[in-house]
Each structure stands twice: as structure tokens, then as C-alpha cells.
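Visitor: I'd like to walk through a structure and ask what stands behind each label. Could you show it to me?

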Amino acid sequence: MKLRTINIKAAIISFCIAASFASCKDALEETPYSFISPDKLGDSPEAAQLWVNGVKSTFNSGHFFAYAIFNRVYDVDSDDATGPNWAFAATGAGNFQENTDIRAYWNDLFTLVSRANFAISKVSEMTAIDEAAKNNALGELNFYRGWAYFTLVRAFGPVPLYKRSVSEGEDTNPPRASVPEVYAFIIDCLKQSETQLYSRTNPAYNAGTLSQEAAKTMLAKVYLNIASGALSGARVIVNGGQQGSWNARKAPQTLTFTKSVVAGHEAFNANEYFTLARDKAKEVMNVAASSGAVGLFPTWSEVWQKANRGGKEHLWMMYAVSGSENFGNFLTYHYSGIEGTGGVRVQSGGGFYGLSDHWYDLFETYDQRIRNGVAHKWLNYRGEPQWYPRKEVGSTDPAIGYDASHTYNDDDGHIALVNKFYDVSDRTVFRTDAAYPWLRYAETLLIYAEAENEVSSPTQTAVDALNLVRQRSNASAVSVGDFNKETLRSFILEERRRELAAEGSRAWDLRRWGIYLQVMNSIGTVDANGIVKSRQERHLLFPLPITEINGNTNINENNPGW
């Protein structure tokens, strides 16, 4: 396990990665700290922040976002994700065995745990620092290790638990802890975090950093994951099924699946955890109702404007630096495509990871999430003007904005490319300063709506929270009288599918609801672009890296089927 051999000097600080977008440039212009050893950092508020920044820099380094590996594992193994076949040859096509992306996913998440544990041990010893500032630093570190284990347990099931730094005597070869044991540690970390972090209403809060509201939403998300995984016998309605092929694409079908209990969740009481999720999300909603510190941006486009990063809706973001080999990322290049000369988006400039026509068809015509949230025009690799999607070709509705000078050609480059990562400082470079939206207030509302429905069946408060998200994007409001528990459950999951696309949500929603295999296999062997979508029981969990099995004397077997 990499935890035993991490160079802690490198783990602490390469450069100061700023917590907020506003301060990112200033922090990066400071002196590099790659040669400062831990014992030289001192005991001060600045030192505590250096420890936090050193841990946080993990997201911009290694295999998280620096080489565009993390998001491939986190996001592309779903029914909606599609694009050129070569871009989906590994995780996106179900090729999990000895997958280098999945190995990196495992290693870097444990690197984050190791760094957070070591930093906690050092910050906890500080005495020459205000207690509130010290707690805020510890709250951020607890958040990161809680999130890391949440990400690990969803992907791998039982995993080794490192609750302390190895330097504090932690076992370097722990056995795999059970799913309930891992969740208990996650919940403990996040409960600490929510009490330690500043609220966004606190004058000491630094805009763009983690807050109590972020920790509460993360905790609500964990509770929701446990609850939905534990629920037995529930039915879920999904728009999906076979997608056809080029020039013969099929419309989505309405399919109903009966969910399975997710392995490891059998002992949890679903109603108890849905209640916990609802109540925790409501705490954040109460802050939004009483102050402007948290809330939705008025329009969909404002969510993704560079100037609004870290604002009231963005509870947790990862920031980057344009053009930087160390701190830039490929999100714009991969998910949106970059621009050539004249400010024209070009297919030869990326746009490999997109969404299917079935996803696009989930939206009403004037929903801003497709009108403004999806690219409709670009130049293909031959330099020809192209239009997406086919169903809008020839429209005379000015709200559609169809451009007759652009034609539709059906191939694997004609996919719904999101604009979430397109407002960046320079759209012509491969490594941009696109920010990754880990948690948004829109998800807080959807967590509340889902949990409230499961606890109390269709209620007006659940529908009200749902409508806040929908109407912000110009989608029509829905009425509580239109639903029963099953249909509202399904509608909320489809709303998550619409709202949180390309934000690392869909694959994990399918898994936590126990419908991953059914939804994926309903597509058939391949999707419309020829990407393998069929899955087997073994795909419910990722395989542990063989290096972990060989290196940890207390782990003797892999996940089922691997």
C-alpha cells in the first residue's frame, strides 16, 4: 500500500494551492515550499493553512486531475456517458481488470487519506493558534478523509481503514474493514467536520473554501447513499433501453426495475438513514432561507460563469490554473472541446466525453440545461460546420437557434457536450483553469426531495425543493398531485440525471439504488456509438489493484469475480 512509502515532504506542499478562486493566483505566486520539511513549518495560522493546502494539492496532482484520470473512473461508467469508442476503452467499456485508471483511483484516494491523517496529527499539536482557526483547518482535513473513504467504499466495498497517520503507530497492513465499519468512520469524520468548519455566515469564513454547509451536505449525501442502498423491493422507472446505431438511433423507452439491496448495506435501516439525510439537508436549506450565504444562482448560465466560482451555490469546488502543467486540467478539452483560431470550437480540439441522445431527450425544449448547457455548433475534424442534435435540424423556432449553415452527420463525434467547463480564461489551451463542481446547493435540494419522499411519500415540501432546481433552468414546475412515492422517486432520480450530468453522479446513483446492472444491460451489448455497456455481477465493485493484494499481508482475495 502506498501509504507506507509516501514522501511526506512532497505530501505536505509542492506549491500553495489556494482554497478560493479569488486567492488562487496570490497563493501560487508565493515561494514554492517543496523543500520545507514538516518540522520546519512551525506553529501558526499560516502553518495550519500550509498543511491544509498541501493536502488539498492532491487533487491537482498525481492521477486525480493532472492527467485526467480520476474523472474517467468517477464519471464515464454509466448509461448516459458516450463518445468515440477509443475514449471509452477502459472503465467506460467495463474493462476493470488491471485497469491503470482504477489503480490510480485507489492509490490517490489513499494518498489523500494518508496526507490528511498526517496533517491532522500536526495541526492538532498546535498551541499558538486561535482555537476557531485551528478547528476550521481540522474540519477541512476531516472532510477530505471522509470524502475519500466515501469514494472508496462506493467503488470497492470493504477497504482498509487508516484512522491515524502511520507515524502515530497505525498498522501498515490493516485488513479490509466491512462496509458498515467504513461508513461509521466516514460519518464520524464528517460529523467532526460540520462542527469544526466555519459556517458561510461567519465573518471569519473565507469565500470559496469548505464550510459547515458543505460538510452537512456531504453528510446528507452519505446518509442518502446508505439509505437507498439498504432499501429493499422498491421500484424505479428509468428512461433508457436500446439506443440503436448511427443513422438508426432509437428513442428511449420507459422501463421499470425492482432494485436490489446493495451488498454491505443489509444491516442498515433505510428509513432511519433517509430521515437523517432529509434532516441534514434541511439544516443547509435553513441557512439558505435565512441568509444569502447559500442558495441557487438565479439562472443556469450563472452557475458556470468563471466569476461565480465558489459562490453561494458552489459548496465545494476544485480550482485550477490556466496553462499550468502542474495545476491546469483537461476538463475543458475533454468535456467541451477547445477553440481554434477565430474563437470557433473545433472537434479536433477535444470534446471526447459527452452524453447520449437518451440523456438529451430527458429535457423539455426550452430547458436552459440543454439550450445553454450543451454545445450545438462546432467544426468537425474535416473543418465542416456541424449541428447537434438531429431532432432540432430545420427548426424555425428562434429559441432553438438552429443554424442552417450547419449540418448533422451521425457519427461518434455527435454527442451532447456540456458547457459546464467552457467559461475559462483561455479556451485555446489544453490545460485550462476549469473548476470541478464537487458539491452544489442544487444537490442539497435534490437530496432533501428524495429523502423526504421516501420518509413521507409525496409531499409538497419535496416537490417544492425539486421545483426550485427545475424552474431555475426554465423547466416547468411539477405538482405533488402528479405523483405517488414510486413515480416521484423516479422523477427525482431523473432530475439528478439532468442537473448533475458530467459531475460524477450518474454511475453512483445507479449503483446506490441497486439498478446499475439492469439499466446498463437494458441498453444491450453496445450503445449507439458502439461502446460496450453490458455488465456482469462482478462490475458492481471495482477490483482491488493486484499490488494491494500482494503488498498487504491481511488481504488475500479480490472482489467477487476479479
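What follows is a chat about labels and the values behind them.

Visitor: Before the labels, what kind of model is this?

Guide: It's a predicted model.

Visitor: Fine. Why is Asn453 called buried?

Guide: Asn453 has a relative accessible area of 0%. The cut-off for buried is under 20%, so Asn453 is buried. As for its place, Asn453 is found in helix 14, residues 441-456.

Visitor: Let's turn to the aromatics. How many aromatic pairs does a search of the whole structure find?

Guide: There are 50 aromatic pairs.

Visitor: Why is the pair of Phe64 and Phe70 called stacked?

Guide: The ring centres of Phe64 and Phe70 are 4.8 Å apart, with the planes at 25 degrees. Centres have to lie within 6.5 Å to pair, and planes under 30 degrees apart count as stacked, so this pair is stacked. Phe64 is buried at 0% relative accessible area, and Phe70 counts as buried at 2%.

Visitor: And why is the pair of Tyr335 and Tyr353 called tilted?

Guide: Here the centres are 5.9 Å apart and the planes are at 40 degrees. Under 30 degrees would be stacked and over 60 edge-to-face, so Tyr335 and Tyr353 end up as tilted.

Visitor: What makes this pair a tie between parts of the chain?

Guide: Tyr335 lies in helix 11 (residues 331-335), while Tyr353 is in the loop between helix 11 and strand 9 (354-355). The pair therefore ties together parts that are 18 residues apart in sequence. Tyr335 is buried at 3% relative accessible area, and Tyr353 is buried at 6%.

Visitor: How do you know that the charged end of Arg345 is over the ring of Tyr422?

Guide: The charged end of Arg345 sits over that ring, 3.8 Å from its centre. The distance limit is 6 Å, and there's an angle limit of 35 degrees from the ring normal as well. Likewise, the charged end of Arg511 sits over the ring of Tyr516, 4.0 Å from its centre.

Visitor: Which residues touch the most other members of the largest nonpolar core?

Guide: Among the 156 residues of that core, they are Tyr105, Phe143, Trp147, Tyr149, Phe156, Trp359 and Trp438. Helix 6 (residues 131-156) gives the most to this core, 13 residues. As for Trp147, leaving aside neighbours within four places in sequence, its contacts include Phe59, Phe64, Phe70, Trp316 and Trp438.

Visitor: Why is helix 8 called largely enclosed?

Guide: Because 18 of the 19 residues of helix 8 are buried. Helix 8 (residues 212-230) reaches 27 Å from its first C-alpha to its last.

Visitor: Why does Ser291 count as partly exposed?

Guide: Ser291 has 23% relative accessibility. Buried needs under 20% and exposed over 50%, so Ser291 falls in between. You'll find Ser291 in the loop between helix 9 (270-290) and helix 10 (300-303). A polar atom of the Ser291 side chain lies 3.3 Å from the backbone nitrogen of Ala293.

Visitor: Last one: is Arg496 buried or exposed?

Guide: Buried: Arg496 has a relative accessible area of 3%, and the cut-off is under 20%. Arg496 is in helix 16, and a polar contact of 2.7 Å joins its side chain to that of Asp509.

Definitions and conventions:
Residues are numbered from 1 along each chain as its sequence is written. This is a predicted model: local features need pLDDT of at least 70, side-chain atom pairs count only at pLDDT 80 or more; totals for chains, interfaces and linings use all residues. Side-chain values use heavy atoms; hydrogens and water are left out. Helices (H or I, at least four residues) and strands (E, at least two) are DSSP runs, numbered from the N terminus. Buried means under 20% relative accessible area, exposed over 50%, partly exposed in between (1.4 Å probe, protein chains only). A nonpolar core is a set of buried Ala, Val, Leu, Ile, Met, Phe, Trp, Tyr and Cys residues joined through side-chain atoms within 4.5 Å. Contact means heavy atoms within 4.5 Å. Rings of Phe, Tyr and Trp (its six-membered ring) pair if their centres lie within 6.5 Å; planes under 30 degrees apart count as stacked, over 60 as edge-to-face and the rest as tilted. A polar contact is a pair of N or O atoms within 3.5 Å; within protein, one must be able to donate a hydrogen and the other to accept it, and residues adjacent in sequence count only if both atoms are side-chain atoms. The expected span of a helix is 1.5 Å times one less than its number of residues.
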